[in-house]
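Open the model in your viewer and keep the selection panel at hand. The tour goes stop by stop.

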Protein chains: 2
Amino acid sequence: MMGHGVSIGEASKASGIKVPTIRYYEQIGLMPETARTEGNRRLYDEADLQRLRFIRHSRELGFEVEAIRQLLELSDHPSRSCADADAIARTHLADIDHKIARLTALREEVVRMTDCPRDTVAHCRVIEVLGDHGECLHERH
Amino acid sequence: MMGHGVSIGEASKASGIKVPTIRYYEQIGLMPETARTEGNRRLYDEADLQRLRFIRHSRELGFEVEAIRQLLELSDHPSRSCADADAIARTHLADIDHKIARLTALREEVVRMTDCPRDTVAHCRVIEVLGDHGECLHERH
DNA sequence: CTTGCTCCTCTAGCCGCTAGAGGAAGTACG
DNA sequence: CGTACTTCCTCTAGCGGCTAGAGGAGCAAG
């Protein structure tokens, strides 16, 4: 075991991000290139682990990689205004609201078609509704 | 203009599916290989257009291609029991509910972090919360 | 006959990973 | 010290559901 730094496997356990995903994050520049051992193995220090946890949490909350990139950039410069970070979060919130609204509308339509009088496909509401948009509540899905 | 059948461009307009997407659906076997003109252009008849509309509507309602494949197979056999179609729709409904629940939970977290006292990044709730999972309402996102 | 549109096929790219091949390095045990 | 086992390395390809572009052919209008 090296003095300062843990292996990618331990970093994976500590962050909850899978090993190949950590390497992928390095590849796309979300994680920096870390130190290496003599045998060419990656070494993660406490700052790296903190960054990994930040990324994981952001992904869990649905932030896109590009947004996380910006958030990380901001968090690397603590004296900057917080407005940018806030704006990113608000944009994401609007996005979530949009998705919820859409899914809720879809849900309505799908519920409506599932109360089907058990019979043959010829009289099946599911099939019928899918084939004829005119049956729908909303013009635009 | 050929007697029976319209071009892929017209099929696109009639169904609301883009031309390359229609070709893609043929490629993955969701649409059959249609008739062709002497000049090798695809010709779509009324049944093809109906099928395209069915696919589009299903996609709009969020059904996956694999589910649509099964639904189309069912709709090609009207004398079968409707139970299978119903099961597919119900599975999809459960899936939608799952997504809505997850998004609603995420929304909470993101809302909680966006009421940030406008200051520097050093004291920004957004950055802080992302860096520390302990701040969260829910253990598992 | 030429212009301009649509169409054809084929390949590659998007996102955010995930899986696998083929090999080197490190660790545990006899 | 050897050998087995695990972890690590790089590299490439695949997932779903399209979308974009290259390079060429067909076809209708002026």
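How many nonpolar, polar and charged residues does the surface near DNA strand D have? By class, it has five nonpolar, six polar and eight charged residues. Ala, Val, Leu, Ile, Met, Phe, Trp, Tyr, Cys and Pro count as nonpolar, Asp, Glu, Lys and Arg as charged, and the others, Gly among them, as polar.

Before selecting, note that this is a predicted model: local features need pLDDT of at least 70, side-chain atom pairs count only at pLDDT 80 or more, and totals for chains, interfaces and linings use all residues. Residues are numbered from 1 along each chain as its sequence is written, while chains are lettered from A and ligands numbered from 1 in the order in which they are written.

**Stop 1: DNA strand D**

Select the surroundings of DNA strand D. 19 residues surround it, counting a residue as near when its C-beta atom, placed from the backbone, lies within 6 Å. The closest are A:Ser7, A:Gly9, A:Arg42, B:Gly39 and B:Val65. Now colour by helix (DSSP runs of H or I, at least four residues, numbered from the N terminus). Four helices each supply at least two residues: helix 1 (8-15) and helix 2 (19-27) of chain A, and helix 2 (19-27) and helix 4 (65-75) of chain B. Helix 2 of chain B gives the most, with three residues.

**Stop 2: DNA strand C**

Move to DNA strand C. Which helix gives the most to the surface near DNA strand C? Helix 2 of chain A does, with three residues. The residues near DNA strand C divide into six nonpolar, six polar and seven charged.

**Stop 3: chain B against chain A**

49 residues of chain B are in contact with 49 residues of chain A; contact means C-beta atoms, placed from the backbone, within 7 Å. On the chain B side, helix 3 (46-60), helix 4, helix 5 (83-114) and helix 6 (125-131) each supply at least two residues. Helix 5 of chain B gives the most, with 19 residues. This side of chain B divides into 24 nonpolar, 15 polar and 10 charged residues.

**Stop 4: the axis**

Superpose the chains. A rotation of 180° with 0.0 Å of shift along its axis puts chain B on chain A, at RMSD 0.1 Å. Centre on B:Ile100: in chain B, its C-alpha is the nearest to the axis, 3.0 Å away. The same surface serves both copies, as 100% of the contact residues of chain B recur in chain A.

**Stop 5: helices 1 and 3 of chain A**

Show helix 1 and helix 3 (residues 46-60) of chain A. They pack at an angle of about 45°, with their axes 9 Å apart. Axes are lines fitted to C-alpha atoms over the stretch in contact, and angles run from 0 to 180 degrees between N-to-C directions. A:Ala11, A:Ala14 and A:Ser15 in helix 1 meet A:Asp48, A:Leu49, A:Leu52, A:Arg53 and A:Arg56 in helix 3. That contact divides into four nonpolar, one polar and three charged residues.

**Stop 6: helices 4 and 5 of chain A**

Finish on helix 4 (residues 65-75) and helix 5 (residues 83-114) of chain A. Their angle is about 160°, and their axes are 10 Å apart. That makes helix 4 of chain A roughly antiparallel to helix 5 of chain A, the term for angles over 145 degrees. Select A:Ala67, A:Gln70, A:Leu71 and A:Leu74 in helix 4; they meet A:Asp84, A:Ala85, A:Ile88 and A:His92 in helix 5.

Notes:
Two residues are in contact if their C-beta atoms, placed from the backbone, lie within 7 Å. Copies are superposed by least squares on the C-alpha atoms of residues with pLDDT of at least 70 in both. Angles under 35 degrees count as roughly parallel, over 145 as roughly antiparallel, 65 to 115 as roughly perpendicular and the rest as oblique.
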